[in-house]
Amino acid sequence: MTTAPASFVKGLEGIVAAQTEMSFIDGVEGVLEYVGIAIGDLAKHSTFEETVYLLWNKRLPKKQELEAFTKELRANYALPDGMLDRIRTVPKQAEPMHMLRTMVSALAMHDESPNDNSVEAAREKSLKILGCTPAIVAAFDRHRRGLDPVAPDAGLGFSANFLYMLNGEKPTDAMTRAFDICMITHADHGLNNSTFTARVVISTLSDMYSAMTAAIGSLRGPLHGGANEGVMKMLNEIPTVADAEKYVMDKLAKKDRIMGFGHRVYKAKDPRAAELMTLAEQLARDTGNMDLYEKSHAIELVMEREVASKGIYPNVDFYSATTYHCIGLKLDLFTPMFALSRIAGWAGHVIEQLDGNRLFRPKAEYVGPHAVAYTPIDKR
Ligand code: ACO
């Protein structure tokens, strides 16, 4: 008879399952750093392209290095031939995250060597996937609105190009910067569920596309990246700021979860939420959406009073909902936005995993019966 594993930890809480040089989290102090740089500093001073370079190279680029990297990324903005036809076949009512998962998977079929897991090939594939997924999301959203896709503009940065392909007009500098801050703050976050998923898949020496596809499937869950859509639905359900307190108290009394609150690692306010709160307030003011910001803030105050003692504070998804709404994004594009950015983190982790890979293969504790006699079917 096999013995039970020494310790079973539900949800793998506190288990160290990988090493990374990309992001550091102190959940008690509410600290997040990418390669040692505080997320707040990156949100203030960096760009998404520079942040991706930092994550993938473990240092900030020099000017020429950033220019070369940006050029390479832009060279990958366009979709491979045939992808747009494929997107046109997707039912218009499909959820964008299901569409995105399927299309990222399909990209493998356009790669001449999809199974090459050398570091050089993994970097190329990462650039390809990161570069063209905005075109996938934008083309699908336009398809369901009955509009033709807009070709990418390689003269634009990652964020401006996405908003341009989505809306067919160049975004303002303020909207571009706001979107870029969202991309920076969502790019990587330790061994979160979707990143762990990506690492587990690549640890079989499968391929980058399979790892990304699986990670997208993980991210869409309402307990993970899907929570930002849940936050927006909640804000829409609350008629006015004055109704926020009763709404939250009723939910807590029923032991329902308030989306955008709580985190496995943070027992203090998620530093990304702090950055996005400032951004959301500014954007809400500029776009006439102060009611959304005020409802959010009212919810935060009630939650602080009621459950902060349990270590439940706003997470990254809470204020990103108001931010994305003010940028003009439809509700069901919120989680795909998370994916566009987190591809950077997933790719970096896949490359880290490939470097010194060991297959992930934990054990399950068997808790069923033993030595059970086989009962013939007519005796059961
Ligand atoms: N609202 C109300 N209560 C909560 C919440 C919440 N959002 N989150 C946790 N709690 C309570 C639980 O009910 C539980 O209370 P109890 O001890 O009295 O039973 C306690 O806090 C601990 O909850 P767990 O589920 O054990 O915490 P866990 O670490 O497993 O969960 C999770 C983390 C899944 C993020 C959780 O906080 C949650 O469901 N939040 C809402 C969804 C969400 O916002 N997800 C996004 C997370 S960030 C990201 O993935 C990008």
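Modeller: Here is a walk through the charged side chains, pairs first. Keep in mind that the model is predicted. The count comes to 21 salt bridges.

Start in helix H6, which spans residues 119-144. Arg144 and Asp141 both lie in this helix. They sit 3 residues apart, about one turn of the helix. Their side chains meet in a salt bridge, at 2.8 Å from N to O. Both Arg144 and Asp141 are buried. The pair also belongs to a network of salt bridges, which links Asp141, Arg144, Arg145, Lys330 and Asp332.

Next comes a salt bridge between Arg305 and Glu245, with the closest N and O atoms 2.8 Å apart. This pair links distant parts of the chain. Arg305 is in helix H14 and Glu245 is in helix H12, 60 residues apart. Glu245 is partly exposed, because its relative accessible area is 38%.

Asp256 pairs with Lys251 in a salt bridge, and here the closest N and O atoms are 4.0 Å apart. Asp256 has a relative accessible area of 31%, so it counts as partly exposed.

Now for charges without a salt bridge. Asp188 lies in the loop between helix H8 and helix H9. Asp188 is buried, yet it has no salt bridge. The nearest side chain of opposite charge is Arg342, 5.2 Å away. A salt bridge needs a distance within 4 Å. Asp188 does have a polar contact of 3.2 Å with the side chain of His349.

Finally, return to helix H6 for Glu120. With a relative accessible area of 54%, Glu120 is exposed. On the surface, Glu120 gathers with Glu72, Asp116 and Glu124 in a patch of negative charge.

Conventions
Residues numbered from 1 in each chain as written. Predicted model: local features only at pLDDT ≥ 70, side-chain atom pairs only at ≥ 80, totals over all residues. Heavy atoms only, no water. Patch = residues over 30% accessible without salt bridge, like charges linked within 9 Å, V, L, I, M, F, W, Y side chains within 5 Å. Areas by Shrake-Rupley, 256 points an atom, 1.4 Å probe, with all protein chains shown as cover. Lys, Arg positive; Asp, Glu negative; His and termini not counted. Charge placed at Lys NZ, Arg CZ, Asp CG, Glu CD. Helix = DSSP H or I, 4+ residues; strand = E, 2+ residues; numbered from the N terminus. Buried < 20%, exposed > 50% of the residue type's maximum accessible area, 1.4 Å probe, protein only. Polar contact = N/O pair within 3.5 Å; in protein donor to acceptor, adjacent residues only side chain to side chain.
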